Each structure stands twice: as structure tokens, then as C-alpha cells.
Amino acid sequence: MKKGIHPENYRLVAFKDMSNDEVFLTKSTADTKETLEVDGVEYPLVKLEISRTSHPFYTGKAKFLDTAGRIDKFKSKYDKFKKKAAPKAEEAPKVEAAASKEEE
């Protein structure tokens, strides 16, 4: 292995999920100024917004999203950019031919 390319501050770090106060230890090089005492030992602390203990995918508690409302809002917003369908050239003679038959 090459020397001098690996970080030297690889150590145990406490990661704390702030939404449910769950703490887990793992090795990391994350820089932090805060510390947390776990089982009588002080570890550097990294605060997390969400982790495996609070993420809806892992907990099975999915949040309901109003996708139908967002889709309708998107469609109504961009309806004004749609091109109006003009009658096709093939359909125009058929209409005229039908009108001439009615006159006879």
C-alpha cells in the first residue's frame, strides 16, 4: 500500500440521530468539535438529521404525499404552452366532399 495517502484521524465516532436520539458508533474521519460520552468513554459526536432508525424506508412508516395534486398543478401550469391541434390536411377534403354530397 502507498504510504501517506490514508487519513490518520480514523477513529471511533458517535453518530446521533437528532429526530429520535438514537446513537451508534462507527469508524470515521469526520471532523467535529463536539463530544459525547457513551458507556463511560468519550467519542467525537456527529449529529444527523435522519438515519436508518428514523428513515421511512427502513421503519416502514411512509409519509403520504399528495402526488395527484402536484400532477394536476403541473399540468394546469403548462397547458398554456400546448399547441392547438390544427385540422389535418387529409381531413379537410373529406369534410368538403361530404358537404358537396349534402348539397346535391
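Reader: In which sense do strand 3 and strand 4 pair, and over how many bridges?

Author: Pairing is read from bridges: two strands pair if DSSP finds at least two bridges between them. In this predicted model, strand 3 and strand 4 pair in the antiparallel sense, over 4 bridges. As an example, valine 38 stands opposite valine 41 in strand 4.

Reader: How many residues lie between strand 3 and strand 4 in the hairpin?

Author: There are 2 residues between them, and aspartate 39 sits in that turn.

Reader: What is there to say about phi of aspartate 39?

Author: The general idea comes first. Most residues other than glycine have a negative phi. Here, aspartate 39 has a phi near 55°, which is a positive value in a residue other than glycine.

Reader: Is aspartate 39 buried or exposed?

Author: Exposed means over 50% relative accessible area. Aspartate 39 has 76%, so this residue counts as exposed. Its place is the loop between strand 3 (35-38) and strand 4.

Reader: Let's go to the other hairpin. How many bridges join strand 1 to strand 2?

Author: Strand 1 (residues 11-17) and strand 2 (residues 22-28) run antiparallel and are joined by 7 bridges. Look at arginine 11 for one of the partners: its bridge partner in strand 2 is serine 28. The hairpin leaves 4 residues between the two strands.

Reader: Which residue in that turn has a positive phi?

Author: Aspartate 21, with a phi of about 60°. Again, this is a positive phi although aspartate 21 is not a glycine. Aspartate 21 belongs to the loop between strand 1 and strand 2.

Reader: Why does aspartate 21 count as exposed?

Author: Because its relative accessibility is 52%, and the cut-off for exposed is over 50%.

Reader: In which sense do strand 1 and strand 4 pair?

Author: In the parallel sense, with 4 bridges between strand 1 and strand 4 (residues 41-48). To trace this pairing on the model, find alanine 14, which stands opposite leucine 45 in strand 4. Then find lysine 16, whose opposite residue in strand 4 is lysine 47.

Reader: Now away from the strands. Which residues make the nonpolar surface patch?

Author: For a patch, residues need over 30% relative accessible area, and nonpolar side chains are joined within 5 Å. In this model Phe74, Tyr78 and Phe81 make a nonpolar surface patch of about 360 Å².

Reader: Where is phenylalanine 81?

Author: Look in the loop between helix 2 (67-78) and helix 3 (91-103). Phenylalanine 81 has a relative accessible area of 58%, so this residue is exposed.

Key:
Residues are numbered from 1 along each chain as its sequence is written. This is a predicted model: local features need pLDDT of at least 70, side-chain atom pairs count only at pLDDT 80 or more; totals for chains, interfaces and linings use all residues. Side-chain values use heavy atoms; hydrogens and water are left out. Buried means under 20% relative accessible area, exposed over 50%, partly exposed in between (1.4 Å probe, protein chains only). Patches are made of residues with over 30% relative accessible area and no salt bridge: like charges are joined within 9 Å, nonpolar side chains (Val, Leu, Ile, Met, Phe, Trp, Tyr) within 5 Å. Accessible areas come from the Shrake-Rupley method with a 1.4 Å probe; for residues, only the protein chains shown count as cover. A salt bridge is a side-chain nitrogen of Lys or Arg within 4 Å of a carboxyl oxygen of Asp or Glu.
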